[in-house]
2 protein chains.
Amino acid sequence: MTTPARRGRPRSGDADGRILRAAQDLLTERGYDKFAIDEVAARATVAKTTLYRRWPTKDHLLVALVARIQDEVEVADTGDIRHDLTVYLTAVATGLDRMRRVGRGAAGEADRSAGVVAELVAAAARHPDVGDAVRGLFARRNALPLRLLDHARERGALPPGVSSEVLFDQLAGALYYRLLITGAPIGADYVDELVGQVLAGAATTPHPERT
Amino acid sequence: MTTPARRGRPRSGDADGRILRAAQDLLTERGYDKFAIDEVAARATVAKTTLYRRWPTKDHLLVALVARIQDEVEVADTGDIRHDLTVYLTAVATGLDRMRRVGRGAAGEADRSAGVVAELVAAAARHPDVGDAVRGLFARRNALPLRLLDHARERGALPPGVSSEVLFDQLAGALYYRLLITGAPIGADYVDELVGQVLAGAATTPHPERT
């Protein structure tokens with residue numbers, strides 16, 4: 001059963017948007033296990049070949065969906081690093097929690113599964129090209145908070161010796177560690193405590209001869 | 001084809017040890033995909049029913065293997081928190097890197113897959129009982145470094161306001177984040193920088209009226 005391609009030469013951007021919207025809807029309804037790429041093509045009214053050429057497996061489509069969710073998270077640089085990091089990481093934590101619940105029905109508070117976030121991690125580990133796509137996605141996205149930290153250091157809000165990359169690993173790592181490994185909550189209270197502790201520490205790292 | 005149980009009433013501890021050794025060997029040779037529980041039973045010369053009663057799926061067996069690898073990592077409290085954390089986290093990073101490479105052949109430096117660590121994360125997310133086992137395992141293991149941090153705070157090597165749990169999330173989280181998400185290296189140099197930055201920060205967190 002093939003789905004006819006839409007007539008009238010739609011720009012590929014339109015088709016991509018339709019595909020990703022259909023994919024997100026289907027993933028939300030069904031969950032990762034029952035998420036079939038052929039059904040995405042049918043819902044988006046694009047030819048299966050069009051979809052497969054762009055995203056050869058459902059894992060590739062999943063990476064594109066995660067990119068889309070991440071791109072909705074803005075990174076604002078107001079000059080208050082604590083505030084900006086808290087807002088950013090709260091949005092990341094909310095996005096992770098939303099992805100975690102996708103397609104898992106109303107399992108409620110007792111459900112501590114990392115859901116589709118864990119599927120992304122597994123797909124990245126199994127398929128080198130999916131791994132490259134995931135690492136590329138995070139490199140691109142993380143450039144924004146890293147720049148935020150660089151700016152804070154440049155204006156003296158962080159000491160010169162602090163590594164933005166290591167500081168960001170401490171922050172984002174804590175969220176992913178809780179989500180994927182310990183199952184501990186990553187709500188707003190936790191993000192607040194985390195940012196406070198990381199920055200209170202970093203901001204007072206001894207650095208010689210800074211007046 | 002059944003494998004006869006060994007005669008002479010071996011204590012179950014013996015059978016468990018044989019099963020886990022056989023499982024580790026097979027996992028190392030084959031990798032997770034081709035790792036079959038029936039073959040583990042045959043190699044360990046235990047009845048399949050014995051094995052399935054104890055570990056119903058290969059994911060349960062994987063959790064037990066990870067527990068075994070983790071239990072090999074000692075947590076020493078010498079009174080030098082920076083040294084003790086560096087030793088501990090270097091051992092954790094080495095163990096993670098070893099697990100990551102299990103069954104992946106000689107793919108070399110270019111292979112950035114998280115391997116069987118990602119499979120563990122996915123299994124924990126898919127099966128509630130595996131998830132409970134993984135979370136229980138980490139809760140048990142993490143109690144040791146958390147106690148290390150508590151002791152450091154009690155003797156004044158960390159300020160009273162610092163949360164051991166959040167501090168540990170910053171440390172362990174950074175390692176898992178690099179392994180599972182960004183693919184950045186977690187060698188001894190990185191662990192050293194990470195521990196240095198986290199502790200230099202935490203140790204100088206302002207806390208009023210401490211003389």
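**Entry 1: the two chains together**

I began with the chain pair and found that 44 residues of chain A are in contact with 44 residues of chain B, where contact means heavy atoms within 4.5 Å. I note that this is a predicted model, in which local features need pLDDT of at least 70 and side-chain atom pairs count only at pLDDT 80 or more, while totals for chains, interfaces and linings use all residues. Residues are numbered from 1 along each chain as its sequence is written, chains are lettered from A in the order in which they are written, and side-chain values use heavy atoms, with hydrogens and water left out.

I then looked up the buried area, which is the accessible area (1.4 Å probe) that two parts lose on being put together, summed over both. Chain A and chain B bury about 3700 Å² between them, with 58% of it on carbon and sulfur atoms. On the chain A side, Y177(A), I181(A) and Q197(A) lose the most area to chain B, together 19% of what that side buries.

**Entry 2: salt bridges and helices**

How many salt bridges are there between chain A and chain B? I found six, counting a side-chain nitrogen of Lys or Arg within 4 Å of a carboxyl oxygen of Asp or Glu. One I looked up joins R178(A) to D169(B), with the closest N and O atoms 2.8 Å apart.

The elements of chain A that give two or more residues to the side touching chain B are α6 (115-126), α7 (128-154), α8 (164-182) and α9 (188-203); helices here are DSSP runs (H or I, at least four residues), numbered from the N terminus. Of these, α8(A) gives the most, with 15 residues.

**Entry 3: how the copies are related**

I next checked the symmetry, and a rotation of 180 degrees with 0.0 Å of shift along its axis superposes chain A on chain B with an RMSD of 0.0 Å, by least squares on the C-alpha atoms of residues with pLDDT of at least 70 in both. That is the relation of a two-fold axis. The same surface serves both copies, since 100% of the contact residues of chain A recur in chain B.

**Entry 4: inside chain A**

Last, I turned to domain 1 (13-66) and domain 2 (76-204) of chain A, whose bounds come from an automatic or database domain assignment. Their C-alpha centres lie 26 Å apart, and eleven residues of domain 1 are in contact with 14 residues of domain 2.
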